[in-house]
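Here is a short tour of a protein model, written for someone who likes to know the cut-offs behind each term. Please have a look at the chain, and then read on.

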Amino acid sequence: MESENAAAGVWDQIRTVATQMGWKILGALVVLVIGIVLIRVIKKLIYRGKGYQKLNPGAQNIVRNIVNVVLITLMVLTIAGILGIPLSTFITVLASAGVAVSLALQGVLGNLIAGLLINITKPFTVGDYISTGTFEGKVKEIDVFNTVLVSFPGNTKVIVPNSSLTNVAITNFTALGVRRAPIDFEVKAGADIAMVDDMLKKTAAGIDTILKDPAPDAFLSRIENGKQIFTAVVWTTSADYIAGTTAMTEIAEQTLKDRDLVPVASIVQLDNPS
C-alpha cells in the first residue's frame, strides 16, 4: 500500500513537472513565432528609415549585421527566461563564450569596427583614388571587413583589411573634385623658351577635359644632360584626370616632334593617376 502511494506521488510529480514544462515550451514557441514576426517588422522599419537610406552600402551592411545580432539575442534571452533558465547563468555562459570567440576572432572584430569607423568618418568613399603608402588604387567597394581597391596600372584587384586603413595616413587624390597635374616634356637645348611655353599653354587650352580655370601654365623647370625640361601644369576634374593628362601628353609630344624639338622620346611624369 505504501509503495503504491509512493508510486502515485512520483507520478503526480512527473505529471506536474511535465505540465509545467509543457506550458513553458508552448509559451517559448509562441514567443519564438511572435519574435520572428517582430524582428521582421522592426528590420523593415529600420531599413526604410531616412537615416538608414542616407548611409552608403558598406554602412548599411554593418547596420544590418548589428540589428540582426541584437534582435536575435534579445529573443533568445526572452525564451530562456520563459523556459526557466536563469538569465544570470545564461548571460555568464554567453559572456564566457563571447570572450573565447573574441580572442579567436580579434582580427575579424578589429576589421569590423574599422569598417564601421570608415563608413562613419568617410576618409574616402567608393570611386575615390587613394594611397596609404603601402596600398594604392581606386576604391571599388567598402565591405564589412575589407576595402576593395583597383590598382593602377594593371587593373588588378587589391583586398585591404579595414584595420589597415584606420591607423595610417591616407592620401585621397579625388576627394576635392579637382586635380593638378604637372607633366614634363624634354626639349632640345637652345629652343625658344617663350615659344615652347606658349605652345604648351595653347595645347592645354584646346583640350576639352582640361579646365580653363585655373588656367594651364608652362615653364622651363630645369636643364638636364643638355636638354631643356619644360613642365606643363594643367587642372582637371577627378573624373577627367586620365583623359585630360593623356590627351595633353599625346598632343603636346606630337607638336614638339612636328617642330623637331624633341631630342628623344618624351619622359612624362604624372602624379598618381585615378
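## A first residue

Is Ala194 buried or exposed? Ala194 is exposed, because its relative accessible area is 56% and exposed means over 50%, while buried means under 20% and partly exposed is in between, with a 1.4 Å probe and protein chains only. Ala194 sits in helix α6; helices here are DSSP runs of H or I with at least four residues, strands are runs of E with at least two, and both are numbered from the N terminus. From C-alpha to C-alpha, Ala194 is 9.6 Å from Ala218 in space, and the two are 24 residues apart in sequence.

## About the model

This is a predicted model, in which local features need pLDDT of at least 70 and side-chain atom pairs count only at pLDDT 80 or more, whereas totals for chains, interfaces and linings use all residues. Residues are numbered from 1 along each chain as its sequence is written, and side-chain values use heavy atoms, with hydrogens and water left out.

## The chain as a whole

The protein chain has 7 helices and 8 strands. It is made of 274 residues, and 30% of them count as buried. The chain exposes about 16200 Å², with 64% of that supplied by carbon and sulfur atoms; these areas come from the Shrake-Rupley method with a 1.4 Å probe, and for residues only the protein chains shown count as cover.

## Helices α6 and α7

Two packed helices are described by the angle between their axes and the distance between the axes. For helix α6 (residues 193–205) and helix α7 (residues 241–258), the angle is about 140° and the axes are 10 Å apart. That makes α6 oblique to α7, because angles under 35 degrees count as roughly parallel, over 145 as roughly antiparallel, 65 to 115 as roughly perpendicular and the rest as oblique. The axes are lines fitted to C-alpha atoms, for helices over the stretch in contact, and the angles run from 0 to 180 degrees between N-to-C directions.

Which residues of α6 and α7 meet? On the α6 side they are Met199, Leu200, Thr203 and Ala204, and on the α7 side Met248, Ile251, Ala252, Thr255 and Leu256. By class, this contact has 7 nonpolar, 2 polar and no charged residues; Ala, Val, Leu, Ile, Met, Phe, Trp, Tyr, Cys and Pro count as nonpolar, Asp, Glu, Lys and Arg as charged, and the others, Gly among them, as polar.

Leaving aside neighbours within four places in sequence, Ile193 is in contact with Leu220, Gln228 and Phe230. The C-alpha atoms of Ile193 and Phe230 are 8.7 Å apart, across 37 residues of sequence.

Lys202 is another residue of α6, and its relative accessibility of 58% makes it count as exposed. Lys202 and Ala252 are 50 residues apart in sequence, with 9.6 Å between their C-alpha atoms.

## Loops and backbone

Thr132 lies in the loop between β1 (129–131) and β2 (136–142). Why does Thr132 count as buried? Its relative accessibility is 14%. Apart from neighbours within four places in sequence, Thr132 is in contact with Leu165, Val168, Ala169 and Ile170.

The backbone has some details worth a look. The peptide bond from Asp213 to Pro214 is cis, with omega near 5°, and Pro214 lies in the loop between α6 and β7 (217–224). Lys122, in the loop between α5 (106–121) and β1, has a positive phi of about 50° although it is not a glycine. Asp260, in the segment after α7, is also not a glycine and has a positive phi of about 55°.

Conventions:
Contact means heavy atoms within 4.5 Å.
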